[in-house]
Amino acid sequence: MSVLNAAQQKAVAELLRVSPLADELGRRFDAAGHELHLVGGSVRDALLGRLGDDLDFCTDATPEQTLAIVQGWADAIWETGREFGTIGIHKNGLRLEITTFRAEAYDGVTRNPIVQYGKSLLDDLERRDFTINAMAVSLPGHVFTDPYGGLADLAAKLIRTPAAPSQSFGDDPLRMLRAARFAAKLQFTVDEAVISAMTTMCADLDRITAERIRDEFTKLMCGADPIAGLRLLVDTGLADRFLPEISGLKLEIDEHAQHKDVYEHTLIVVANAIRLEGDEGPDFVLRMAALMHDVGKPATKAVGRDGRVSFHHHEIVGARLTKQRMKAMKYPKDSTAEVVELVSLHLRFYGYGRGEWTDSAVRRYVTDAGPLLSRLHKLTRSDVTTRNRRKAANLAADYDALEERIARLEAEEDLARVRPDLDGNAIMELLGVPPGPIVGQAWRYLKELRLDRGPLTRDEAEAELYKWARDQGHVS
């Protein structure tokens, strides 16, 4: 047992005040002769003042007994986790998960537990991933249980395992990735013994499915400080198991070809992007694009005769590598496509300041970015990490000018919805052709013309269509 200080007592009291149904549920279990404890992340978050709408409980009741207790009280019940001892319920807008005490064994090949019900709360807490998640509050008695010093670790902002790290990670290698995720989410320090075990056992992560790794990594990237989590993944070798492109950014720098440290630059770009998110954040697509924007550099690095380093077309190579990696990690096609597109477009802005962009180029920039334009603005600004203040100021001014120019053109034209001046029906009527490839070809030609010259009058558009059709041999 541990003693809560006044602030922590207030935090738990506040938890139970805003969630009176926790005590109500506890009384139902008590009346049925069973224990009920608020446990794990719910206790941790309550003590940190970050409690959400999801509450986790553990009990000595079996899933069948839990169902009998909550039947008629819960607004809704789901049993998808029943084989692992978990019954889920909705009550008054909250999501509650009640799990039978567990004392699991692992097969040492996958992360799948051989579910064994424990006999006590201590059995259950012993199997949890980190000490800060191995605390419990009994209901309705409010007795605080902390056998592994989670309260002290919470105060010290330290991530430790209840058992020896090698045992904990041997049972479930995903916990190594969770350590990095909690470092990013809570901005805590990971214990040296835990880091050592992560480094030694990083290859065990190969036992975990791509989907589970993807979910943990996404949470890490959306944490308050993903930079800390990313550094931990790279330093321990975990990144090499599922995202080797990030470690690969540590390009060798020789004394004759000095260039920017791409790895450190990338982390700064991610941090910059986070600062530009605004109230809408965290934005995984933007953060992932910032992380991956330069992954094509190692494959495109070249040193010229003058000793200057170049990375020609690294945005194209980077987009391809990003698509391959996100596909391997089982990311949805839509988010993958968005990240890939941002990576491929992140260099388009450069050259604008030299005065080379016509209105046509600006229209194409907006059209190609489409709904990703606001993210592209943020990514491009985030990519300026030079220490040369004059250069940074000039780039910022150039981008300000580009955004102002976009705004001016948008006031004159609907850039977000650039369409040909003639639609498909008009094309078919004017050319006397049925639906088919000719209509699509004509539509694309007119759209290119619209991007180059801006809006055309009806007479101009018709004249251009007839000229194109004659040149293509579709009309005499």
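## Ser382 and its neighbours

Ser382 touches Val269, Asn272, Ala273 and Leu276, leaving aside residues up to four places away in sequence. In this predicted model, Ser382 belongs to helix H20, which covers residues 373-382. Its relative accessibility is 1%, so Ser382 counts as buried, the cut-off being under 20%.

One of these neighbours also has a polar atom close to the serine side chain. The backbone nitrogen of Ala273 lies 3.2 Å from a polar atom of the side chain of Ser382.

## The chain as a whole

The chain has 24 helices and 13 strands. It runs to 476 residues, and buried residues make up 48% of them.

Take the contacts between residues at least 6 apart in sequence. Of these, 65% join residues at least 24 apart.

## Helix H8

Helix H8 spans residues 174-186. It has 13 residues and reaches 18 Å from its first C-alpha to its last. That is close to the 18 Å expected at 1.5 Å a residue.

Of the 13 residues of H8, 11 are buried, so the helix is largely enclosed by the rest of the structure. Among the buried residues are Leu174, Met176, Leu177 and Leu186. The buried set also includes two arginines, Arg175 and Arg181. Gln187 follows H8, and its phi is positive, near 60°.

## Aromatic pairs

The structure holds 4 aromatic pairs. One of them joins Phe130 and Phe182 edge-to-face. Their centres are 5.8 Å apart, with 85° between the planes. This pair links distant parts of the chain, 52 residues apart. Phe130 sits in the loop between helix H5 (121-126) and strand S8 (136-138), while Phe182 is in helix H8. Both Phe130 and Phe182 are buried.

Phe284 and Tyr331 form another aromatic pair, and this one is stacked. The centre-to-centre distance is 5.3 Å and the angle between the planes is 20°. Phe284 lies in helix H15 (residues 284-292), and Tyr331 lies in the loop between helix H17 (314-328) and helix H18 (333-345), so the pair ties together parts that are 47 residues apart in sequence. Phe284 and Tyr331 are both buried.

## Charges over rings

The charged end of Arg181 sits over the ring of Phe182, 4.7 Å from its centre. Both Arg181 and Phe182 are among the buried residues of H8.

Elsewhere, Lys91 lies over the face of Trp73. The distance from the ring centre is 4.8 Å.

## The loop at Ala224

Ala224 is found in the loop between helix H10 (210-221) and helix H11 (226-236). Leaving aside residues up to four places away in sequence, Ala224 touches Ala184, Lys185 and Gln187. Ala184 is one of the buried residues of H8, and Gln187 is the residue that follows H8.

Ala224 can also be placed against Pro282. The two are 58 residues apart along the chain, and their C-alpha atoms are separated by 8.5 Å.

## Helix H23 and what follows

Helix H23 covers residues 437-453, 17 residues in total. At 1.5 Å a residue, H23 should span 24 Å. Its end C-alpha atoms are 24 Å apart, which agrees. The buried residues of H23 are Val439, Ala442, Leu446, Leu449, Arg450 and Leu451. They pack against helix H19 (359-369), helix H22 (424-431) and helix H24 (458-471). After H23 comes Gly454, with a positive phi near 85°.

Gln472 lies in the segment after H24. Its relative accessible area is 44%, so Gln472 is partly exposed, between the cut-offs of 20% and 50%. Gln472 and Ile438 are 34 residues apart along the chain, with 9.7 Å between their C-alpha atoms.

## Cysteines

How many disulfides does the structure hold? The count is 0.

Cys58 is buried, with a relative accessible area of 0%. Cys222 is partly exposed, at 25%.

Definitions and conventions
Residues numbered from 1 in each chain as written. Predicted model: local features only at pLDDT ≥ 70, side-chain atom pairs only at ≥ 80, totals over all residues. Heavy atoms only, no water. Helix = DSSP H or I, 4+ residues; strand = E, 2+ residues; numbered from the N terminus. Buried < 20%, exposed > 50% of the residue type's maximum accessible area, 1.4 Å probe, protein only. Polar contact = N/O pair within 3.5 Å; in protein donor to acceptor, adjacent residues only side chain to side chain. Contact = heavy atoms within 4.5 Å. Phe/Tyr/Trp six-rings, centres within 6.5 Å; stacked < 30°, edge-to-face > 60°. Lys NZ or Arg CZ within 6 Å of the ring centre and 35° of its normal. Expected span 1.5 Å × (residues − 1). Disulfide = S-S within 2.5 Å.
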